[in-house]
Amino acid sequence: MSFNLNKLLRPHILTIAPYTSARDEYTGKIGVFLDANENPYGSVTDGNHNRYPDPYQIDLKSKLSEIKGIAPDQIFLGNGSDEAIDLLFRALCNPGKDNVILLPPTYGMYEVSAAINDVETRKVALTEDFQLQPKKILEKVDGNTKIIFVCSPNNPSGNKVKREDILFLIKNFTGVVVVDEAYIDFSDEPSFITELDENPNLLVMQTFSKAWGLASLRLGMAFASKEIISILNKIKPPYNISGLTQETVLEALGNLEKVNRMITDILEERDYLEDKLIQFPFVQKIFPSQANFLLVKMPHATQIYNELIERKVIVRNRAKVLLCEDCLRISVGTREENIAFLDALEKVSSKII
Ligand SMILES: *Cc1c(COP(=O)(O)O)cnc(C)c1O
């Protein structure tokens, strides 16, 4: 079986001529710029944001390339991972005709993006311990299956997915396998980026929204072959990453020490939360986590969720999600936040149970 990107793409994508911006036609940095209808006086705000940003994010990608050990032309940057997901649908899936495979319980955005793009989703549940059923997944594949979305570590379960199962899918599927690594920085599992050279049908997603603490900036990364990346670049809105985001993230990338320190702190707090939660007699199960949250099974989860809200502690209710019955998903907070949550849980539980 072989992967042929040109055959997989929606035919019209191949022939589209991308928008060429003023910054494409003249790439010099110095001069009198009267080509983009910008405001020459500066901005209404203190900082100057009056010039359009680099549409290809060259400085940012060059720094990322060093850190991630991958060529700049194998990196796509999107307005959150959500943009990369949407562009993949638009590049590969003919509305009303093609399909993708989802592996619930998993991140909700794949399904939303499929629905927006009028693309059928075929679902193959994870096992009880949230692992793949690779053979069943391949049985769902037909000639119109374009993408399989794998999330590892998985949201909302928090576990890592067995590497050999993901590799089995990559090797035996002729569409694109997306491995969403939003939580990879909290995991002891190495990234799938190292598998890209050998697997032209693999796309790895990561994000600045979690470990880097930059959710508000909206910056997601996709890593893949340069052929796949060039298609995403061709169909993206030209200035999808703001100048402010590019500058701020470039600065962040110069401070690996801080992100590593925060990751260490979060992992310590995850252990703390787990230790404390285990001591609650009604906590039935804490699923092993490789992420910055815990999925916790307890009876009356929805009632507890509502009572926690009364006490201004907000967790995520996953009780209605497949394989997550009676489960709450709790993001790891600071020590103060974790104590506030544990205190509230103590009070709530004596009331309910
Ligand atoms: C949080 C999360 C993301 C991040 O999305 P952004 O749009 O980059 O903020 C991606 N995938 C999963 C599974 C997530 O949980």
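## Largest cavity

The largest cavity is lined by Leu5, Leu9, Leu88, Ala91, Leu92, Val176, Ile228, Ile231 and Leu232. Two elements, α5 (81-92) and α9 (226-235), each give two or more residues to this lining; helices (H or I, at least four residues) and strands (E, at least two) are DSSP runs, numbered from the N terminus. The volume of the largest cavity is about 50 Å³. Its lining residues comprise nine nonpolar, no polar and no charged, where Ala, Val, Leu, Ile, Met, Phe, Trp, Tyr, Cys and Pro count as nonpolar, Asp, Glu, Lys and Arg as charged, and the others, Gly among them, as polar.

A cavity is a set of points, on a 1 Å grid over the protein atoms alone, where a 1.4 Å probe fits but cannot get out, and lining residues have an atom within 4 Å of a point. Grid points are joined across faces, edges and corners, and a volume is the space filled by probe spheres set on the points.

## Model and conventions

This is a predicted model, in which local features need pLDDT of at least 70 and side-chain atom pairs count only at pLDDT 80 or more, while totals for chains, interfaces and linings use all residues. Residues are numbered from 1 along each chain as its sequence is written, and side-chain values use heavy atoms, with hydrogens and water left out.

## Second largest cavity

Two cavities of 30 Å³ or more are found in a search of the whole structure. The second largest cavity holds about 30 Å³ of space. Its lining consists of Leu103, Thr106, Leu126, Leu132, Phe149, Val150, Cys151, Asn154 and Val161, which divide into seven nonpolar, two polar and no charged.

## Ligand

The ligand is surrounded by 13 residues, the closest being Tyr183, Thr207, Ser209, Lys210 and Arg218; a residue counts if one of its heavy atoms lies within 4 Å. This shell divides into four nonpolar, five polar and four charged residues.

Oxygen atoms of the ligand lie 2.8 Å from a backbone N or O atom of serine 81, 3.4 Å from a backbone N or O atom of aspartate 82 and 2.7 Å from a side-chain N or O atom of threonine 207. Of the 390 Å² of accessible area that the ligand has on its own, the protein covers 94% (Shrake-Rupley method, 1.4 Å probe).

## Glutamate 269

Glutamate 269 is part of helix α11 (residues 256-278). With a relative accessible area of 10%, glutamate 269 is buried (under 20%; 1.4 Å probe, protein chains only). The side chains of glutamate 269 and asparagine 338 are joined by a polar contact of 2.9 Å, that is, a pair of N or O atoms within 3.5 Å, one able to donate a hydrogen and the other to accept it.

Methods
1 Å grid on protein atoms, 1.4 Å probe; cavity = no way out; pocket = protein on both sides within 12 Å on 5 of 7 lines; lining within 4 Å. Buried < 20%, exposed > 50% of the residue type's maximum accessible area, 1.4 Å probe, protein only.
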